[in-house]
Each structure stands twice: as C-alpha cells, then as structure tokens.
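I am opening this notebook to keep a record of what I look up in a structure that is new to me. Each entry takes up one topic.

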Amino acid sequence: MSSSDFIVFGAPKIEREEIEEVVRCLESGWIGTGPRVAQFEAEFAAYKQVRHAAAVGSCTAALQLSVRAAGIGPGDEVITTPLTFCATVNAIVHAGGTPVLADIDPVTMNIDPAEVENRITSKTKAILPVHFAGRPCDMDALTAIADRYGLKLIEDCAHAIETKYHGRAAGTFGDFGCFSFYATKNVTTGEGGMILTRSEDDLARIKMLALHGMSKDAWKRFGDEGYKHYYVVETGYKCNMMDLQAALGIHQLRRVEQNGKRREEIWNRYNAAFAELPVTTPAEPEAETRHAHHLYTILIDEERGGITRDDFLEEVTRRGIGVGVHYLSIPEHPAYQAEFGWRPEGYPHAMRIGRQTVSLPLSAKLTDEEVSRVIEAVGATLTKSGQRSEVRNLR
Ligand SMILES: Cc1ncc(COP(=O)(O)O)c(C=O)c1O
C-alpha cells in the first residue's frame, strides 16, 4: 500500500470557495482579526439562532475564557466528565479552580447527572458537561441541577456544532457554549473556536479578555477611523481569531448540513456493517435529539472480540486505516494523578470505555470506496482474531 492510499483520520473537506476566500483575504491586506471574523461570528450566531458569538483561536481558549468569565478562581470547584480531551480539565486548572470528575453514563458516554449531584459541595461553582461525540447531554437534568444549586453552566460543544436537545441547539443552554474548529471538526478553520454567551455583558468581557484585556478591539485601533488609544482593564489573554481562519470558516459553515448528511450516511453504513460483529456500536440517538455524528466509536472487548483494543488499533492502522482514541479517561494521565490523586478505577465507566474505544474515520471527505475499505479492515481484523480466540478456547 502506498502512503497516498492511507485513510487519514479526520481529514478535512476543503473546497474551492474557502481556498478562494483565503486568497482574497491575503490580497486584501487584512489578515488579522477584522471584517471576516465579524462576518463568521454573525453567521455562526444566525446558524445557532442566538445573538452573541465571539470567535477565538481554539476551543481550548474558548473554555479558558469562559471559565474565567464565569468567575471561577482559587477554591472553586467545577464538575466535569472524565471522558474528555485534557483541554476541558486544563481550562479549570488554569483559572485556579479545582476540577471534580463525575462518571459517565456507560450507554450515552455523557456525564451522568446523578453523579454530578453526588459531587456538589459548598465550593461547587459550575458544571462543565461535554456533548460527547456529538450526542447531547441530558440538559433537562443538568440545567435543573444548575438552577437548584445556583451554578454556572459551561457547555463544551467541541463535538457538537449541529447537536440539538429537545429542539434547542447545544451551546445555548449554558451561560457559555464553547465550539472547536480544529482540523478534524465538523466545521474547520484549521485551528479556531467560538463562544456563545447568554448576555451582552459576558460577550463584551470575553472579547476583551481574548485580546489582552484591552478596552478597544485592535483591528479598530488601526482602522480608517483614526488612531484610538486603548487601556488594559483586566489581565487578559491573546487568543483572537484571524480573518485568514474566518475565511475558511465562513464557507465551511455554509456546508455544515451537507457534510453532516454525508457523515450520517457513513454512520449508517458502519452500523449496518458492524451489526453482526463482536463489537459494541454507538447507542441510538435519544428521542427528540439531534446527534452531530462527529465521532463513530466502537468498543473492542477482548473477551468478545478476541483482540485487545491496542492490538486492534495497530492492525487496522497496518491495513491503511487511520484511527483515533477518544479518550483514555482523564485519570489515566500522570499529571492529574499527581495533582489530584485521581485513579482510573474511581470512574469505572469512563475507565472501561477509555480502554476499549476506537474512533473510525467519519469525514465527509470519505468516498464510498474508502468507507468500504474501513469496513473490510475492521471485519478482517476481528474475524482473524475471532478465529484465533476460538482456537484458544478449544485448547
Ligand atoms: C471535548 C473537547 N474539548 C475541547 C477541545 C479543544 O479544542 P481545540 O483543539 O479547538 O482547542 C477538544 C479538541 O479536540 C475536544 O475534543
């Protein structure tokens, strides 16, 4: 197999329109934060049917800014999920807060509201759920808990651009909704993120914090209205989005539904193809919800499949298929074990899923033939190992 035949996990689907927009942006002389970012924010807000959106450099930055704007600081506890990317937890730590993990529901893989409630103390200030793989969390239960205990709600929507729960868009339930436009995401700007806020005041604070805490937007400073002085009113960060990134995002967003349909087709083909295999496929989406089909994950149980998850990863990769792991549970990582004393066994559902899960390619860029190759590779890997385990069982 030549390297060009390798199916890259999460390869973005970039088309002519965004390439030409990037070129126009370069030629315009304004490549930093400017009119294209403003347009992307307005179009994203319209897509989500909200008024307030701020584009930033990544979802990591979106989470950091949101945690800070939510008033989290030293001594405050924030409850989040152990089945997430490290950025979710790091954002809490960087603000000086203390992350507290609540285990997931093993079927939906989303944070379990009952576990959240069990972990509330007098120090709890916020809940930070992640809509895992694009499946909405139980937002009725989570918003009820947040209201009952007076907690802030920050939604990690890195996987959930198209996600809806009971007709309402993910990212609009909380005080802040944080999105990712990383290279593998359903809408990409290479790197990038967006924050939805409920209030005008929060939006203004987020925008100010995203640009050093300066009182005026830098792009207005150098505009044709004449030079404007700025004042630093809070110690902020540097995580504004550039027009070059927004040039990609504007056109990516216009294709969000079309690409989503393609991923759903691939998802359905995988479901049909793997139904008889000794693996666990994703649970059906719940009634009155929309799944964003961001990650298609299967669980490899060595007892059932006759192969360890890590051997499966290696074998499928050898067959030319790029795969991912979303995620080893947070307590598996040495940094958190050292800082918080967490152990994987303390969160058994996240631990098991983190040790069994494999994400298969689900990009809208995949051709039918490439999807067939993924299906064949998964089937062949399991059949071969299934035969081996039958032999072992006979001995
Ligand atoms: C659940 C989750 N949260 C946060 C992030 C961070 O996003 P970004 O790479 O845009 O900073 C990711 C990225 O993959 C993610 O999957």
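The entries below go through helices, backbone angles, charged pairs and surface patches.

**Entry 1: what I am looking at.** I note before anything else that this is a predicted model, and I read every value below as computed from that model.

Entry 2: Just after α4 I came upon Gly96, which takes a positive phi of about 95 degrees.

I went on to helix α14, residues 348-356, where the buried residues are Ala350, Met351, Ile353, Gly354 and Gln356. Their cover includes β11 (296-299), α12 and β12 (357-360).

**Entry 3: backbone angles that I wanted to check.** I looked up Gln49, which is not a glycine and yet has a positive phi, near 55 degrees. Gln49 sits in the loop between α2 (35-48) and β1 (53-56), and because its relative accessibility is 70%, I put it down as exposed.

Met109 is another residue that is not a glycine but has a positive phi, in this case about 70 degrees. Its place is the loop between β3 and α5 (113-118). Is Met109 buried or exposed? With a relative accessible area of 10%, Met109 is buried, since the cut-off for that word is under 20%.

I also found a cis peptide bond between His326 and Tyr327, with omega at about 0 degrees, and I located Tyr327 in the loop between α12 and α13.

**Entry 4: salt bridges.** How many salt bridges does the count come to? The count comes to 24 salt bridges, and I followed up several of them.

In one of them the side chains of Arg135 and Glu286 meet, at 3.2 Å from N to O. This pair links distant parts of the chain, 151 residues apart, with Arg135 in the loop between β4 and α6 (139-149) and Glu286 in the loop between α10 (256-274) and β10 (289-290). Arg135 is buried, having a relative accessible area of 3%, while Glu286 is partly exposed at 30%.

In another, Glu234 and Arg205 meet through their side chains at 2.8 Å, N to O. I have both partners down as partly exposed, Glu234 at 21% relative accessibility and Arg205 at 27%.

I looked next at Asp310 and Arg309, which form a salt bridge whose closest N and O atoms are 2.8 Å apart. Asp310 is partly exposed, with a relative accessible area of 48%, whereas Arg309 is buried at 8%. Finally, I noted a network of salt bridges that links Lys13, Glu15, Glu17, Glu18 and Arg255.

**Entry 5: the contacts of Asp368.** I found Asp368 in helix α15, residues 368-394, where it is partly exposed with a relative accessible area of 46%. Leaving out residues up to four places away in sequence, I see that Asp368 touches Arg262 and Arg269. From Asp368 to Arg269 the sequence separation is 99 residues, while the two are 9.6 Å apart in space, C-alpha to C-alpha.

Entry 6: Which residues make the nonpolar surface patch of about 200 Å²? They are Ile14, Ile19 and Val23. Ile14 belongs to the segment before α1 (16-28), and I list it as partly exposed, its relative accessible area being 36%.

A negative surface patch is formed by Glu302, Glu303, Asp311 and Glu314, and the helices α11 (302-305) and α12 (309-318) each supply at least two of its residues. I checked Glu314, which lies in helix α12, and because its relative accessibility is 58%, I count it as exposed.

Note on methods. Residues numbered from 1 in each chain as written. Predicted model: local features only at pLDDT ≥ 70, side-chain atom pairs only at ≥ 80, totals over all residues. Heavy atoms only, no water. Patch = residues over 30% accessible without salt bridge, like charges linked within 9 Å, V, L, I, M, F, W, Y side chains within 5 Å. Areas by Shrake-Rupley, 256 points an atom, 1.4 Å probe, with all protein chains shown as cover. Salt bridge = Lys/Arg side-chain N within 4 Å of Asp/Glu carboxyl O. Helix = DSSP H or I, 4+ residues; strand = E, 2+ residues; numbered from the N terminus. Buried < 20%, exposed > 50% of the residue type's maximum accessible area, 1.4 Å probe, protein only. Lys, Arg positive; Asp, Glu negative; His and termini not counted. Charge placed at Lys NZ, Arg CZ, Asp CG, Glu CD. Contact = heavy atoms within 4.5 Å.
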